[in-house]
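The exercises below are meant to be worked through with the sequence and the model side by side. Try each task before reading its solution.

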Amino acid sequence: MKRSRINQIMAEADDMIRSFGFALPPFAYWTPDEFTARKDAARHVIAARCGWDITDYGAGRFDEMGLFLFTLRNGLLTDLQCGRGMCYAEKLLISRQDQLSPVHTHVLKAEDIINRGGATLVVELYGSDHEGNCAEDRGGVVWCDGIQRAYAPGEKLRLAPGESVTLRPGDWHAFWGEGGDVLIGEVSTVNDDETDNIFRDPIGRFAEIEEDVAPTHLLVSDYRTWLR
């Protein structure tokens with residue numbers, strides 16, 4: 001993805017988030033120079049990979065297959081492993097109309113996916129086989145706003161604003177906006193985007209960046225190179 005396109009997506013996402021009365025934390029608006037100057041104070045933000053995340057899954061077709069994310073808060077895997085401390089994470093996502101977030105699951109993370117506003121959020125579901133792989137002939141059970149619901153393989157849940165689904169490891173899922181763009185909340189156990197996203201098809205988690213302009217704000221995937 002071109003950096004200029006990423007900057008544009010950030011600005012559009014910020015406008016949409018604000019339109020629903022939600023404000024991002026102050027570090028969201030730091031310039032790269034400000035982030036560099038504050039990197040010692042922002043050690044947890046960096047280590048927990050909080051911040052901007054825009055992906056086309058390495059396919060170069062963001063409008064068709066992509067996702068905007070902002071990690072608001074996140075614990076560390078060491079917290080989760082010892083069973084105490086900051087064992088949770090929270091994100092905001094934007095799924096655009098007909099923009100696919102492809103089929104995947106998580107090994108550790110359980111998550112609530114919440115339609116915070118906008119259009120309908122479609123969540124397509126599959127169960128796992130005995131080896132944990134996506135099973136297109138198996139369903140499973142999820143919880144929708146605290147109510148247990150069985151799903152058939154490939155079933156599409158349609159979540160209106162305010163509705164949610166709880167997904168556990170082994171619930172393979174894809175999602176997209178239907179009828180418009182959707183602001184999504186994600187509340188989960190500790191989030192690890194480096195190793196805990198298991199895709200059904202061989203795709204990448206992060207975008208490859210073409211530096212045609214300077215970044216407005218850093219992506220979480222920029223931290224290792226910009227904040228060394």
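**Exercise 1. Is arginine 200 buried, partly exposed or exposed, and what is its relative accessible area?**

Solution. The structure is a predicted model, in which local features need pLDDT of at least 70 and side-chain atom pairs count only at pLDDT 80 or more, while totals for chains, interfaces and linings use all residues. Residues are numbered from 1 along each chain as its sequence is written, and side-chain values use heavy atoms, with hydrogens and water left out.

Step 1: recall the classes, in which buried means under 20% relative accessible area, exposed means over 50%, and partly exposed lies in between (1.4 Å probe, protein chains only). Step 2: arginine 200 has a relative accessible area of 32%, so it is partly exposed. Step 3: turn to its salt-bridge partner, aspartate 201, whose closest N and O atoms with arginine 200 are 3.8 Å apart; a salt bridge here is a side-chain nitrogen of Lys or Arg within 4 Å of a carboxyl oxygen of Asp or Glu. Step 4: aspartate 201, at 40% relative accessibility, also counts as partly exposed.

**Exercise 2. Determine which parts of the chain the salt bridge between arginine 49 and glutamate 194 ties together.**

Solution. Step 1: the closest N and O atoms of arginine 49 and glutamate 194 are 3.0 Å apart. Step 2: arginine 49 lies in the loop between helix 3 (43–47) and strand 1 (51–55), and glutamate 194 in the loop between strand 11 (172–189) and strand 12 (198–199), so the pair ties together parts that are 145 residues apart in sequence. Helices (H or I, at least four residues) and strands (E, at least two) are DSSP runs, numbered from the N terminus. Step 3: arginine 49 is buried, with a relative accessible area of 18%, whereas glutamate 194 is partly exposed at 36%.

Step 4: for context, a search of the whole structure finds 17 salt bridges. Among them, glutamate 111 and lysine 109 meet at 3.5 Å, N to O, and both of these residues are buried. Arg3, Glu211 and Asp222 are linked in a network of salt bridges.

**Exercise 3. Describe the surroundings of leucine 93.**

Solution. Step 1: leucine 93 belongs to strand 3 (residues 88–95), and its relative accessible area of 1% makes it buried. Step 2: leaving aside neighbours within four places in sequence, the residues in contact with leucine 93 (heavy atoms within 4.5 Å) include Leu67, Phe68, Phe175, Val182 and Glu186. Step 3: by way of a distance check, the C-alpha atoms of leucine 93 and arginine 158, 65 residues apart along the chain, are separated by 17 Å.

**Exercise 4. Examine the backbone and the setting of tyrosine 57 and aspartate 98.**

Solution. Step 1: most residues other than glycine have a negative phi. Step 2: tyrosine 57, although not a glycine, has a positive phi of about 55°, and aspartate 98 has a positive phi near 60°. Step 3: tyrosine 57 lies in the loop between strand 1 and strand 2 (67–74), while aspartate 98 is found in the loop between strand 3 and strand 4 (101–105). Step 4: tyrosine 57 is buried at 5% relative accessibility, whereas aspartate 98, at 51%, counts as exposed.
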